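The sequence and structure come first.

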Amino acid sequence: MSATHPGQTLATFAATLRLADVPAPVLRRTEDLMLDWAGSTLAGKGSRPVESIARFWQSQGPASGPSEVLIHRCGSSPLVAAAINAAASHVAEQDDVHNGSVFHPAAVVFAPALAMAQSLGRSGADLLAASVAGYEVGIRVGEFLGRSHYRIFHTTGTAGSLAAAAAVGHLLRLTPEQMGHALGSAGTQAAGLWEFLRTAADSKQLHTAHAAHTGLAAACLAADGFTGAQRILDGAQGLAAGMSSDSDPARLTDGLGTRWATAETSFKYHASCRHTHPAADALLAVMNAHGLRPEQITRVQTLVHQGAIDVLGPVVDPQTVHQSKFSMGTVLALAALHGYAGLGEFDAHYNDPATVDFCQRVSMTLDAEVDRAYPARWIGKVRVHTGDGRVLDGRVDEPKGDPGNTLSRAELEGKALRLAAYRDAASPAEMQALIQRIWGMADWPVVQRLLG
């Protein structure tokens with residue numbers, strides 16, 4: 001199969017990428033992203049939907065195996081471990097996000113890549129290269145599918161299946177032709193709809209579990225000679241035809257080998273949907289600049305892009321902690337009242353009377369400048385009205401965690417420690433050992449368990 005179309009060019013890149021091709025800063029960022037993912041995964045321990053997914057997948061697989069289920073400190077098959085770890089890492093709403101694709105790569109890349117690397121006995125260098133391949137493919141597929149796709153489909157569930165296939169396929173050392181088949185089989189199984197937000201359903205964790213295990217299965221099938229659609233992305237009845245009205249095939253191969261989308265990925269600061277972060281940061285900036293207390297604020301108008309309205313708009317009366325993370329009003333209320341919308345703040349205060357009262361003072365308005373910039377840039381703009389008649393405008397061009405306002409390694413370590421402590425998933429000593437292990441992953445002769 002020759003690289004005669006963008007999808008196959010992307011598959012060839014994923015199959016032939018070598019660690020030496022990747023600049024050192026990108027590799028260091030990949031290590032940062034893996035630590036962030038591990039902490040997010042551990043924070044999923046005890047979550048009701050995650051444990052339900054874990055019970056099901058573990059009932060279908062071996063009781064032991066080479067691949068680590070982080071939240072349960074046990075091993076199983078790669079398929080089982082990938083699904084459970086992918087679900088666990090997406091529930092705390094602390095996993096990473098790539099702005100331009102509106103895609104959360106870590107959950108659907110590291111979960112299957114780690115599981116397969118452990119099963120195959122691959123090196124840390126192999127895992128690093130495979131993870132970069134997964135990020136580069138998944139991000140470009142998300143960008144290709146465009147804004148119209150994201151309005152209905154959860155891109156992490158759809159593009160995520162191809163990201164997982166690329167990462168696992170790289171570890172399986174698929175040929176370019178086989179990788180094309182793996183992406184074809186992954187793409188035909190791509191799924192994930194936003195409707196779950198309207199009723200606080202558990203589907204978001206199922207999306208990442210499904211993407212991880214279908215991508216892994218697609219790569220393994222390709223290694224066994226199973227064929228997939230050659231033009232699953234841009235074919236007449238492919239993903240774009242059915243799921244997008246503004247797809248751009250040029251995005252699939254944009255800067256392959258020179259533009260490293262992995263390094264463009266953002267870390268989450270607040271424990272909520274990323275669409276809420278720019279406005280939360282802008283509100284905090286106004287409050288800090290003017291010494292405002294929450295009770296002095298009568299109204300907050302958030303000036304947002306259409307994607308924020310599409311995803312957050314249906315959540316008008318959040319009924320669960322997880323649903324409240326998709327409520328602009330709740331997130332801004334927690335930020336205003338507590339200075340930070342973190343895991344503990346959501347658990348303890350998401351439905352407090354003070355939170356609900358502030359939430360009702362928050363509105364969303366489409367802003368032309370913010371919407372034009374999105375998704376390449378996520379600008380935060382707010383207009384804050386006070387009881388004494390002032391109207392104060394706030395703006396943040398790069399929310400905390402974006403590449404231009406990123407988290408340092410010390411901040412990432414602190415975040416990972418907090419996430420692991422959230423439900424006592426790992427002790428500080430265990431996490432310190434895990435942190436050092438990840439910082440040295442390029443030198444691992446064999447990928448072993450992260451938690452020993």
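## Strand pairing and the sheet

Strand β3 (residues 297-304) and strand β5 (residues 380-386) run antiparallel and are joined by six bridges. Two strands count as paired if DSSP finds at least two bridges between them. Helices (H or I, at least four residues) and strands (E, at least two) are DSSP runs, numbered from the N terminus. Within β3 and β5, Val-300 stands opposite Val-384. The model is predicted: local features need pLDDT of at least 70, side-chain atom pairs count only at pLDDT 80 or more, and totals for chains, interfaces and linings use all residues. Residues are numbered from 1 along each chain as its sequence is written, and side-chain values use heavy atoms, with hydrogens and water left out.

β3 and β5 belong to an open sheet of four strands in the order β4-β3-β5-β6, with mixed pairing. Its edge strands, β4 (362-366) and β6 (391-396), each pair on one side only. On average, neighbouring strands of the sheet are turned by 20 degrees against each other, direction ignored. Helix α11 (residues 277-290) packs on the sheet and touches β3, β5 and β6, where contact means heavy atoms within 4.5 Å. The direction of α11 makes about 45 degrees with that of β5. Axes are lines fitted to C-alpha atoms, for helices over the stretch in contact, and angles run from 0 to 180 degrees between N-to-C directions.

## Helix packing

Helix α4 (residues 78-88) and helix α5 (residues 105-120) have axes that come within 8 Å and cross at roughly 150 degrees. That angle makes α4 roughly antiparallel to α5; the term applies to angles over 145 degrees. On the α4 side the contact involves Pro-78, Ala-81, Ala-82, Asn-85 and Ala-86. On the α5 side it involves Ala-107, Ala-111, Pro-112, Ala-115, Met-116 and Ser-119.

α4 also packs with helix α3 (residues 48-59), at an angle of about 175 degrees and with the axes 9 Å apart. α3 and α4 are therefore roughly antiparallel to each other. Val-50, Ile-53, Ala-54, Trp-57 and Gln-58 of α3 meet Val-80, Ala-83, Ile-84, Ala-87 and Ala-88 of α4.

## Nonpolar cores

A nonpolar core is a set of buried Ala, Val, Leu, Ile, Met, Phe, Trp, Tyr and Cys residues joined through side-chain atoms within 4.5 Å. Buried means under 20% relative accessible area, exposed over 50%, and partly exposed in between (1.4 Å probe, protein chains only). The largest core has 101 residues, and Trp-37, Leu-127, Val-141 and Leu-450 have the most contacts inside it. Helix α6 (residues 124-152) gives the most to this core, with eleven residues. A second, separate core of 45 residues includes Val-102, Leu-312, Val-315 and Phe-326.

## Two single residues

His-207 lies in helix α9 (residues 203-223). With a relative accessible area of 9%, His-207 is buried. Apart from residues up to four places away in sequence, His-207 touches His-154, Gly-157, Gly-192, Leu-193 and Phe-196.

Thr-253 is in the loop between α10 (239-243) and α11. Thr-253 is partly exposed, at a relative accessible area of 29%. Beyond its neighbours within four places in sequence, Thr-253 is in contact with Pro-6, Thr-9 and Arg-140.

Key: Parallel < 35°, antiparallel > 145°, perpendicular 65-115°, else oblique.
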